[in-house]
Amino acid sequence: MGSARLNILFLLLEKVVSVALVFVCEGIIARNLSSTDYGRWLYGINFVIMFSAFSVVAGAEVIVPLLVRYKRARWLIMINAFYLRLISGILAYFFLWFYVEIFIEDELIASILKTAGLILIFNESFAVTVAYYQSVVQIRKVSVVRFLGLCVRLVVVYMWAKLNWSAYYISYSRIAESIFLAIFLGVLWYSAAQGRFSFRFRVNIATKLLGYGLKVYPAIVLMYLFQKLDRVFVERYFSLD
């Protein structure tokens, strides 16, 4: 079986297993929260996911073709894309925090947004590793790491329910998953570089990445907004129950 077919198979298996694990996680959360608090949780986490659109400055749509075309410069492309995404993630989290302080009065929703919002800093920046493995058509290792990340989320959710912790702590399941993914995607990146890993920031490369990224940035933002905006509006303006 060719690499492309194996990648497709792993992606399909990952999707099926991911849906199952997310279903179990959300089932545990729903059973241990009141209907109103679960509505707050859904509103908060969907708002964070929607806000993550603003942290994707140099998306995979830009990076993958460049990694395929410029193989000799791929590690410089990756590290500069990482810096751009890290900066945009930090800015996105800053604006999210500002929004919460100004507009959110509900304490639980504010806590969810501030804690779960930390994934904005980690998720997209370390996703440059995913772009690399997409460019070389070897997504299997990434699929395994993402599966284990969901397992970490499930373990934290199970502990939260078993120990009867407050609803304020459920967001830590997402942070634990995000940190796990950041660590092991970083390990995959370093191992793939085989001694060619570089921390060098190149203004010319970063500028080109930013220029390419801004061309597709509005479309990416709209895609994220269309995916979650309806959920956020329904939960915010109708009922959290």
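**Figure 1. Buried residues and length of helix 8 in a predicted model.** Val 142, Ser 143, Val 145, Gly 149, Leu 150, Arg 153, Leu 154, Val 157, Trp 160 and Ala 161 are buried in helix 8. Buried means under 20% relative accessible area, exposed over 50%, and partly exposed in between (1.4 Å probe, protein chains only). Helices are DSSP runs (H or I, at least four residues), numbered from the N terminus. The end C-alpha atoms of helix 8 are 33 Å apart, which agrees with the 33 Å that its 23 residues should span at 1.5 Å a residue; the expected span is 1.5 Å times one less than the number of residues. Asn 164, which follows helix 8, has a positive phi, near 55°. This is a predicted model in which local features need pLDDT of at least 70 and side-chain atom pairs count only at pLDDT 80 or more, while totals for chains, interfaces and linings use all residues. Residues are numbered from 1 along each chain as its sequence is written, and side-chain values use heavy atoms, with hydrogens and water left out.

**Figure 2. Arg 74 in helix 4 (residues 74-103).** Arg 74 is buried yet has no salt bridge, defined as a side-chain nitrogen of Lys or Arg within 4 Å of a carboxyl oxygen of Asp or Glu. The nearest side chain of opposite charge, Glu 61, is 18 Å away. Leaving aside residues up to four places away in sequence, Arg 74 touches Leu 67, Tyr 132 and Val 136.

**Figure 3. Salt bridges of Arg 40.** Arg 40 pairs with Asp 37 (2.8 Å, N to O). These two residues are three apart in helix 2 (residues 35-51), about one helical turn. Arg 40 also forms a salt bridge with Asp 106, with the closest N and O atoms 2.6 Å apart. Asp 106 lies in the loop between helix 4 and helix 5 (107-116), so its pairing with Arg 40 ties together parts that are 66 residues apart in sequence.

**Figure 4. Salt bridge between Glu 124 and Arg 85.** The two side chains meet at 3.8 Å, N to O. Glu 124 is buried at 16% relative accessibility, and Arg 85 is buried at 2%.

Notes: Lys, Arg positive; Asp, Glu negative; His and termini not counted. Contact = heavy atoms within 4.5 Å.
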